[in-house]
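The structure it refers to is shown below.

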Amino acid sequence: MLNNLLRLYTIILLLFCYASVKGEEYEYDFSDEKTGSLIYYNVTSDEIPLTIAVANRDFNYNSYKGNVTIPEKVFKGGGLYTVTSIWENAFAYCDSLTEVIFPESIVQLDDGAFVGCKNIKQITLPNKLSKIGNAVFYGCTSLETITLPASIKILGDNVFNGCSSLKRINIISAIPPEINGSKLGKTNPVISVPRGSSKAYSKSNIWNKYKIEEVAY
């Protein structure tokens with residue numbers, strides 16, 4: 001009997017801890033609407049340099065719609081914070097989201113940042129972006145083109161899975177980005193790369209699965 005009670009207590013404690021962690025993961029710290037759109041944020045550093053990430057309202061998702069312009073700097077409590085990342089699942093399942101304009105300060109898109117955003121047709125990412133997490137654009141069924149900046153270093157696994165309309169990925173970097181996994185996902189876009197770099201892409205076990213075209217950027 002005692003052993004059974006201990007097991008039950010352990011299960012309840014684990015469930016409580018899991019719920020607490022999930023609540024912290026998706027609960028935003030503050031919001032701001034100075035850009036015309038109500039945007040939610042999580043603080044990523046309270047020490048100089050002060051940084052924040054765009055977040056979602058709660059884990060029901062669908063926090064944004066229409067065109068969203070993300071500012072580069074946001075005031076909070078007397079401090080000026082720089083927006084450097086998009087939080088995990090920040091724009092998840094925003095069915096009415098049509099466009100996102102990024103500031104140049106964004107350097108990372110966390111896992112699932114735009115999962116299920118089925119009405120976004122094209123995205124131009126900021127020029128300092130270095131990392132795109134796993135399944136960031138999973139299920140973006142209207143996405144037709146995307147431009148990856150020269151700064152991009154790592155793409156997550158299945159980053160474009162379910163992007164059934166994706167026709168072209170423009171990659172500005174002559175060095176093939178690393179793919180942190182086995183595939184881009186179930187999609188078959190043309191890969192546009194800078195002149196003279198197709199040989200490097202053809203040596204990649206993942207990029208060489210796609211049609212590669214050289215273009216002048």
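A residue is called buried when its relative accessible area is under 20%, exposed when that value is over 50%, and partly exposed in between, with a 1.4 Å probe and protein chains only.

## Basis of the model

The model is predicted, with local features needing pLDDT of at least 70 and side-chain atom pairs counting only at pLDDT 80 or more, while totals for chains, interfaces and linings use all residues. Residues are numbered from 1 along each chain as its sequence is written, and side-chain values use heavy atoms, leaving out hydrogens and water.

## Aromatic pairs

Across the whole structure there are 10 aromatic pairs (ring centres of Phe, Tyr or Trp, for Trp the six-membered ring, within 6.5 Å; planes under 30 degrees apart are stacked, over 60 edge-to-face, the rest tilted). Tyr40 and Tyr64 are edge-to-face because their planes stand at 65°, with ring centres 6.0 Å apart. This pair links distant parts of the chain, 24 residues apart, with Tyr40 in strand E2 (residues 39-45) and Tyr64 in the loop between strand E3 (51-55) and strand E4 (66-69); strands are DSSP runs of at least two residues, numbered from the N terminus. Tyr40 is buried at 7% relative accessible area, and Tyr64 is buried at 3%.

Tyr201 and Trp207 also form an edge-to-face pair, 5.9 Å centre to centre and with 70° between the planes. Tyr201 is buried at 0%, and Trp207 is buried at 1%.

## Residue Thr84

Thr84 belongs to strand E6 (residues 79-86) and is buried, with a relative accessible area of 18%. Apart from neighbours within four places in sequence, Thr84 has contacts (heavy atoms within 4.5 Å) with residues including Thr44, Ile52 and Val107.

Notes: Helices (H or I, at least four residues) and strands (E, at least two) are DSSP runs, numbered from the N terminus.
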